[in-house]
Amino acid sequence: MEFITTHHIIEAVGWLAVLFKLATFSMNSMIWLRVLVILSSVCFIIYSALFQIWPLLAIEAILLSINAYRLYELIALRRLVTHMTDESEPDFSGAMAYGKKRIIQSGDVVFEKGDPVDSLYYLAEGLVEIEGQNVTVPAGKIFGEMAFFNSSAERMASVRCVEDTVVYELNEKRFTRLQYEDPKFAMAVMRLVTRRLVANAAQTQEA
């Protein structure tokens, strides 16, 4: 009788794992999806360990670690969005790990108005000027990103180096990869683009 009871409990754990797995297909929230997948993996690990099903235990242990890390990333991103304010300084330094380093001399043009869009730039050192707009971009900022969100896909203004400059160039492929792998960078870009769109709209209304 004791064996039957124990066997039924183990079997119930296995069915619970199946139910958690099926429930993931009805989830709209990525956080709850990850939570259910983790619970499913835990149940499958217990089930496979007791029945000594080692291949299942191995794959579920791997999936558990992967999904636990993804859940951590999602929670960290949510906290970042929650605590981020309009006054906080965006951090674009992640571009240095993905971008192609370029050293540009003072007076040289980074790109000209009408050029096709191929990259955005993180300004690590120096100072650049957006010609015709009386706007300068200091070190620690990005520029050229608006064209990625513009259907015309061409530069709206020329950018010239005011002093010797070090930039990290991100083409569209590198930019997309960085957004996926560094959510903090992606949020900083979204905030910057939103600010500039709002500012441009305000200037248009005033005109």
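Find how many bridges join strand β3 (residues 119-125) to β6, and the sense in which they run.

Two bridges join β3 to β6. The strands run antiparallel. Y121 stands opposite F143 in β6. Strands here are DSSP runs of E with at least two residues, helices are runs of H or I with at least four, and both are numbered from the N terminus. Two strands pair if DSSP finds at least two bridges between them.

The model is predicted: local features need pLDDT of at least 70, side-chain atom pairs count only at pLDDT 80 or more, and totals for chains, interfaces and linings use all residues. Residues are numbered from 1 along each chain as its sequence is written, and side-chain values use heavy atoms, with hydrogens and water left out.

Work out the strand order of the open sheet and name its edge strands.

Step one: take the β3 and β8 pair. These strands are antiparallel and share six bridges. L123 faces V167 of β8.

Step three: assemble. The order of the four strands is β1-β8-β3-β6, with antiparallel pairing. The edges are β1 (100-104) and β6 (142-143), each pairing on one side only.

**The whole chain**

Describe the fold pattern and state how many helices and strands the protein has.

Step one: count. The protein has five helices and eight strands.

Step two: read along the sequence. The pattern is α-α-α-β-β-β-β-β-β-β-β-α-α.

Step three: check burial. Of the 207 residues, 31% are buried (under 20% relative accessible area; exposed is over 50%, partly exposed lies in between, with a 1.4 Å probe and protein chains only). β8 is mostly covered, with six of its seven residues buried.

Step four: check contact range. Among contacts between residues at least 6 apart in sequence, 74% join residues at least 24 apart. Contact means heavy atoms within 4.5 Å.

Identify the residues with the most contacts inside the largest nonpolar core, and the element that supplies its largest share.

Step one: size it. The core holds 17 residues. A nonpolar core is a set of buried Ala, Val, Leu, Ile, Met, Phe, Trp, Tyr and Cys residues joined through side-chain atoms within 4.5 Å.

F92, L170, F175, F185 and V189 have the most contacts inside it.

Step three: trace the elements. β3, β8, α4 and α5 (183-206) each give at least two residues. The largest share, five residues, comes from α5.

Step four: look for another core. A separate one of 13 residues includes I104, F111, L123 and V128.

Step five: follow F92. Beyond four places in sequence, its contacts include Y122, I142, F185 and V189.

Decide whether A95 and T24 are buried or exposed.

Step one: A95. This residue lies in the loop between α3 (54-83) and β1. Its relative accessibility is 0%, so A95 counts as buried. Beyond four places in sequence, A95 contacts Y122, Y168, L170, L178 and F185.

Step two: T24. This residue sits in the loop between α1 (2-23) and α2 (30-50). T24 is buried because its relative accessible area is 9%. Not counting residues up to four places away, T24 touches L33, L36 and V37.

**The rings**

Classify the ring pair of Y47 and F51.

Step one: apply the rule. Rings of Phe, Tyr and Trp (its six-membered ring) pair if their centres lie within 6.5 Å; planes under 30 degrees apart are stacked, over 60 edge-to-face, and the rest tilted. The count is seven aromatic pairs.

Step two: read the geometry. The centres of Y47 and F51 are 5.1 Å apart and the planes are at 55°, so the pair is tilted.

Y47 is partly exposed at 23% relative accessibility. F51 is partly exposed at 34%.

Step four: look further. F92, F175 and F185 form one aromatic cluster. R155 lies over the face of F111, 4.0 Å from the ring centre (NZ of Lys or CZ of Arg must be within 6 Å of the ring centre and within 35 degrees of the ring normal).
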